[in-house]
Amino acid sequence: MSRGTTSRRRWRSAAAAMAITATALAGLTTASMTTATAAAEPGPITDPAPEEIQSTLGLVLQEYAQFPKTEPIPAPIDRRLMRHARINGLGELPDGSGRTYVPDLNGPLYFVEDGEPQVYLDVAAEFAPEFFSGRGMGSGFGFATFHPDFEDNGTFYTVHTERPGNAGPPSDPTTYPPQTPTFLHSVVTEWVADDPASDTFSGTSREVLRLGFAGQVHAIQQIDFNPTARPGSEDYGLLYLAVGDGGRGVGTGIPQDMGTPAGKILRIDPAGTDGPGGTYGIPPSNPFVGTAGALGEIYAVGMRDPHRFSWDQGRRGEPRMFLGHIGEHAIEAVYDVQAGDNFGWGDREGKYVFDPADRCNLYPLPENDADLGFTYPVVAYDHDPPPGWPCTSDSGYAISGGFVYRGRDLPALSGKYLFTDLVEGRVFYAEESRMRRGGPEAQMYELALYDTDGTRKRMPDFTGDERADLRMGRDRAGDLYLIAKANGKIWKVVDTVRAPVPQEVPAP
């Protein structure tokens, strides 16, 4: 175990491990042990990711905005949805105004100026009564992104969920055949503002894409444009969509099925017309265009819950796309995404074999794995549940993803990919230069957190809730923000400090 690892590692003890080993060996004779060893397949992986290290580097957080309390529709029965406000992202309008925008899963799209949020567009009201946010962790108004030419064309995009049948029989067909039985629709909408400079929306809208999912989780997550693309480049104005497996990826083959959009990253041209129904275009440079049986929209495949992605221009000028991917059994991962990648779900979880018939274990890769074409994480951490924890239960960890810091004000963060565990509210980093495709996973470090008075705190101290529900945002200057559903607040990272790692108190 690495020195300075965090408190969840204290669940383990050498005595417990020795007791388990002794119990396992007690029933075997020497002869049977020899036979079993000779015939055995590789055993399960017991500690599938490197230990994170507590860094001496800390972030200073300054409160940026407090958002109004909102409620899911319909009223939730899952306490994890009973949050102050389900804010889940932050970006800056690409118009030079300095306004930031923040979506709330319960419906409002806010603009923030001088720390004051105001509703720009109420997505829930626009799509009532079909709008649906009261079941499933990702249901509701999931994300918004603004066209890079928003200042001139007033165009932006949202994704939200609807419950078919809320207003009678569903009248809107899905872009591709839905998963059945269908629980919800995930809908991408294009909006065109009459006045892009206005702080409240008026204008027109049209539906771009609609997908049907059988589960209440893992629908369309983030949608976004590549901010490193320049006018005239291949990627400029193309829209990326992170599409989950609908909660149906275990044992179904859905994430590997090239004929369905589920479990994929899609890339579309919202200004084109050669896609289904003529509502969007399929970029001819997409990696599977012309491949028999494959959807041309697919950019990368093999995902369970691709939660958040971002681009880094990098020091060498070559942009890299990083994806935070929420795992099933044990692995929370960051991938370096390139066109045509296959991240392996549901045959792989992280860099290990996942067997749907044995969901409690992960196994080593087969000898011929290099021939199978899977791409593995550049950073990963595991769940490390306490002894006796049910192996198919939610262990309370989920990666959100984040950004490489390229801002000017905080040189100690330069070149670091910062990301969060959204449940616990822990903030990590890895060096972008060490996040190498095909190499060993980069070492990750946990950052300390401080308020502006210099008091060291955990994120639950900032939120007043052990479930922080934390995500990260970035403005156009590269500054970073932490976003918490627990109390509906956003903090800006305004400084860094160096301090010794506190000594852990030995267990009694």
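An open sheet of four strands, with antiparallel pairing, runs in the order β2-β3-β4-β5; strands, like helices, are DSSP runs numbered from the N terminus (strands E, at least two residues; helices H or I, at least four). Two strands pair if DSSP finds at least two bridges between them. The edges of the sheet are β2 (91-92) and β5 (116-122), each of which pairs on one side only. Between β3 (residues 100-103) and β4 (residues 108-113) there are four bridges, in the antiparallel sense. Tyr 101 stands opposite Phe 111 in β4. The model is predicted, with local features requiring pLDDT of at least 70 and side-chain atom pairs counted only at pLDDT 80 or more, while totals for chains, interfaces and linings use all residues. Residues are numbered from 1 along each chain as its sequence is written, and side-chain values use heavy atoms, leaving out hydrogens and water.

The largest nonpolar core has 30 residues, and those that touch the most other members are Val 188, Leu 209, Phe 213, Ile 220, Ile 223, Leu 239 and Leu 241. Such a core is a set of buried Ala, Val, Leu, Ile, Met, Phe, Trp, Tyr and Cys residues joined through side-chain atoms within 4.5 Å, where buried means under 20% relative accessible area, exposed over 50% and partly exposed in between (1.4 Å probe, protein chains only). Two or more residues of this core come from each of β7 (155-162), β8 (184-193), β9 (203-213), β10 (220-225), β11 (239-243), β12 (264-268) and β13 (298-301). The largest share, four residues, is given by β9. Leaving aside neighbours within four places in sequence, Leu 209 is in contact with Thr 175, Ser 186, Val 187, Val 188, Ile 220, Leu 241 and Tyr 280, contact being heavy atoms within 4.5 Å. Another core, of 22 residues, lies apart from the one described above and includes Leu 59, Tyr 429, Leu 447 and Met 472. In soluble globular proteins, nonpolar side chains tend to be buried together.

One disulfide is present, the term denoting a pair of cysteine sulfur atoms within 2.5 Å. The bond joins Cys 360 to Cys 391, with an S to S distance of 1.6 Å.

The structure holds 29 salt bridges, each defined by a side-chain nitrogen of Lys or Arg within 4 Å of a carboxyl oxygen of Asp or Glu. In one of them, Asp 341 is paired with Arg 437, and the closest N and O atoms are 2.8 Å apart. These residues are 96 places apart in the chain, Asp 341 in the loop between β16 (331-337) and β17 (348-349) and Arg 437 in the loop between β23 (426-431) and β24 (445-450). Asp 341 is buried, with a relative accessible area of 6%, whereas Arg 437 is partly exposed at 32%. A salt bridge also joins the side chains of Glu 424 and Arg 426 (3.1 Å, N to O). Of this pair, Glu 424 is partly exposed at 24% and Arg 426 is buried at 8%. A network of salt bridges links Asp 312, Arg 320, Asp 336, Arg 406 and Glu 432.

Asp 469 is located in the loop between α5 (459-463) and β26 (470-474) and forms a salt bridge with Arg 467, the closest N and O atoms being 3.5 Å apart. Asp 469 counts as buried because its relative accessibility is 1%, and Arg 467 is buried at 17%. Lys 485, in the loop between β27 (480-484) and β28 (489-498), is buried yet has no salt bridge, and the nearest side chain of opposite charge is that of Asp 469, 4.7 Å away; for charge, Lys and Arg count as positive and Asp and Glu as negative, with His and the chain ends not counted. Not counting residues up to four places away in sequence, Lys 485 touches several residues, among them Arg 83, His 84, Asn 88, Met 137, Asp 469 and Arg 471.

Most residues other than glycine have a negative phi, and most peptide bonds are trans. Phi is positive in Asp 469, near 55°, and in Asp 384, near 45°. Asp 384 is in the loop between β20 and β21 and is buried at 9% relative accessibility. A cis peptide bond joins Ile 73 and Pro 74, with omega about -5°, and Pro 74 is in the loop between β1 (53-66) and β2. Thr 180 and Pro 181 are also joined by a cis peptide bond, with omega about -10°; Pro 181 is in the loop between β7 and β8.
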